[in-house]
Amino acid sequence: MKVLIISHPSVNTYNNMGKTMLSMFSCFEREELCQFYIYPMIPDTDKCGSYFRITDKDVLRSYYKFRVLGKEIEITDDDLDKHGLFENSNDKKIYQNKNNGKPLRKLARDMMWKLSHWNIGALHTWIERERPDCIFLAPGYQGFIYDIAEKISKRYSLPIVSYICDDYYFVKKPKSLMGKIQTSYIQGKIRKMMRQSAHTVTICDSLRDSYEKEFGCPTSTIMTGKSLAEFKEASPCDTVKGITYMGNVRCNRYIGLVEIGKALKSINERLKTDYKLYIYTSEKDSYIIGLLESVPTIKLCGFVNGEDYERTLCSSGLLLHTEAFDEESIDLVRNSISTKIADSLSSGVCLIGYGPKQVASMAYLIKSQGAFCITEEESLEGELEKILTDKELRNSVLEKAILAARENHDDLKNSQRLKEIMKKTKKTEEKYRDR
């Protein structure tokens with residue numbers, strides 16, 4: 001069996017989606033995988049036997065060069081030691097522009113792809129050489145990636161397994177006209193893809209239930225597996241010096257981080273302590289950075305990956321997951337579970353969850369009892385003081401976290417489940433062809 005992965009980023013060791021795919025396909029041999037992706041990056045892993053890339057720039061250039069210059073990506077030994085999100089550093093400003101999330105830009109990007117000739121001979125030569133048996137589609141919020149999967153699926157009679165880790169369907173319609181148009185457009189793409197999918201894999205049970213009920217497609221939950229080399233034993237500290245947050249600070253998460261920083265400042269003043277909130281992020285937005293730096297207890301530490309990421313995570317006093325409390329942010333992440341949760345529960349370090357209880361990540365942490373959860377903004381300071389000063393409480397939470405990690409975030413066990421789904425999908429399609 002061979003799987004064609006279609007996604008925005010490549011499989012990699014540092015980007016959230018890249019790490020998720022690396023974990024999900026951990027039990028697959030590299031000869032069983034090939035990938036088509038569109039992000040302007042070079043994989044830092046040879047997990048897939050072959051990679052083919054067409055970027056936005058390739059598509060844009062085709063409007064004056066009259067052809068799309070997509071290509072197979074050859075990985076060198078040097079590439080395996082590089083962990084940059086962009087092959088060309090100049091692309092960073094373009095892809096991390098905060099206006100990219102605006103509805104008009106999303107629609108313009110979709111139209112740019114739709115009107116281009118991305119469906120090139122080099123891509124088909126590559127697919128025909130690789131001879132995949134099925135497609136694993138990790139789509140997202142842009143419509144063109146659904147079109148790509150649909151065309152390849154129809155041309156080569158390949159069944160599709162769709163992977164839903166972020167929800168763009170069961171969301172409230174935006175107030176703006178362009179927001180409504182863009183949301184309706186992507187919802188239409190999702191409806192069409194669900195009808196064409198042989199199976200759907202979701203990241204949590206709430207998504208599974210919603211998609212199965214709405215579309216009637218066979219649906220399974222496979223939670224994100226850990227990216228750590230192994231499950232860590234509990235390593236509780238007698239005394240805690242601070243809290244570590246690693247990852248994306250957008251979707252208004254930075255607001256919660258500021259609140260926690262201010263609560264730590266108040267605790268320090270009362271108890272004569274020196275607790276800090278250490279934030280590891282690649283965020284560059286000057287407004288967000290300014291807000292975080294304005295709080296004296298917050299220390300910005302930059303972005304870490306690979307061995308540095310695992311070392312930092314597992315040597316922390318306390319870890320933090322947070323989600324924003326405003327309605328718009330709740331709607332954005334209602335059915336999403338951060339990829340960092342799997343690693344946090346597997347790290348041997350006690351995890352704090354701060355956010356509204358109605359979002360999937362917090363609901364999961366509450367149900368599994370894998371984290372010390374704070375779900376009311378008014379009780380933040382008092383609850384933080386409890387977990388910072390009570391070793392027995394931290395130990396109790398940590399015991400349940402280890403159980404949750406082994407039950408839900410075993411990367412090999414979860415990958416084997418995915419492999420069985422892909423095999424059954426392939427067999428079903430073979431029977432269909434024989435009719």
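The report starts with the basis of the model and then goes through its parts.

**Basis**

This is a predicted model: local features need pLDDT of at least 70, side-chain atom pairs count only at pLDDT 80 or more, and totals for chains, interfaces and linings use all residues. Residues are numbered from 1 along each chain as its sequence is written, and side-chain values use heavy atoms, without hydrogens and water.

**The sheet**

Helices (DSSP H or I, at least four residues) and strands (DSSP E, at least two) are numbered from the N terminus. Two strands pair if DSSP finds at least two bridges between them. An open sheet is formed by six strands in the order 11-10-9-12-13-14, with parallel pairing. Strand 11 (298–300) and strand 14 (372–374) are the edge strands, each pairing on one side only. From one strand to the next the twist averages 25°. Angles run from 0 to 180 degrees between N-to-C directions, and axes are lines fitted to C-alpha atoms, for helices over the stretch in contact.

Strand 12 (residues 318–322) pairs with strand 13 (residues 351–354) in the parallel sense, over four bridges. Across this pairing, Leu319 stands opposite Leu351, and His321 stands opposite Gly353. Helix 15 (residues 380–389) packs on the sheet and touches strand 9 (242–246), strand 12, strand 13 and strand 14. The direction of helix 15 makes about 170° with that of strand 14. Contact here means heavy atoms within 4.5 Å.

Strand 12 also runs parallel to strand 9, joined to it by two bridges. Thr244 has Leu319 of strand 12 as its bridge partner.

How many residues of strand 12 are buried? Five of the five are, so strand 12 is largely enclosed by the rest of the structure. Buried means under 20% relative accessible area, exposed means over 50%, and partly exposed lies in between (1.4 Å probe, protein chains only). In a regular strand the side chains alternate between the two faces of the sheet. Leu318, Leu320 and Thr322 point one way from strand 12, while Leu319 and His321 point the other way.

**Salt bridges**

A salt bridge is a side-chain nitrogen of Lys or Arg within 4 Å of a carboxyl oxygen of Asp or Glu. The count by this rule is 28 salt bridges.

| Pair | Closest N to O distance |
|---|---|
| Arg61 and Asp58 | 3.7 Å |
| Glu233 and Arg406 | 3.9 Å |

Arg61 and Asp58 both sit in helix 2 (residues 56–65), three residues apart, about one turn of the helix. Arg61 is partly exposed at 32% relative accessible area. Asp58 is buried at 11%.

Lys232 lies in the loop between strand 8 (219–221) and strand 9, and Glu310 lies in helix 11 (residues 306–314), so the pair ties together parts that are 78 residues apart in sequence. Glu310 counts as buried, at 19% relative accessibility.

For Glu233 and Arg406, the closest N and O atoms are 3.9 Å apart. Glu233 lies in the loop between strand 8 and strand 9 and Arg406 in helix 16 (residues 391–408), so this pair ties together parts that are 173 residues apart in sequence. Glu233 is exposed at 62%, while Arg406 is partly exposed at 40%. Elsewhere, salt bridges that share partners join Lys2, Glu72, Arg129 and Glu130 into one network.

**Surface patch**

Leu60, Tyr63, Met111 and Leu115 make a nonpolar surface patch of about 400 Å². Patches are made of residues with over 30% relative accessible area and no salt bridge: like charges are joined within 9 Å, and nonpolar side chains (Val, Leu, Ile, Met, Phe, Trp, Tyr) within 5 Å. Accessible areas come from the Shrake-Rupley method with a 1.4 Å probe; for residues, only the protein chains shown count as cover. Leu115 lies in the loop between helix 4 (103–114) and helix 5 (121–130). Leu115 counts as exposed, at 61% relative accessibility.

Lys19 lies in helix 1 (residues 16–24). Is Lys19 buried or exposed? Lys19 is buried, with a relative accessible area of 11%. Leaving aside neighbours within four places in sequence, Lys19 is in contact with Asn12, Thr13, Tyr14, Ser227, Tyr309 and Asp343.

Thr20 is also in helix 1. Thr20 is buried at 3% relative accessible area. Not counting residues up to four places away in sequence, Thr20 touches Tyr163, Thr224 and Thr339.
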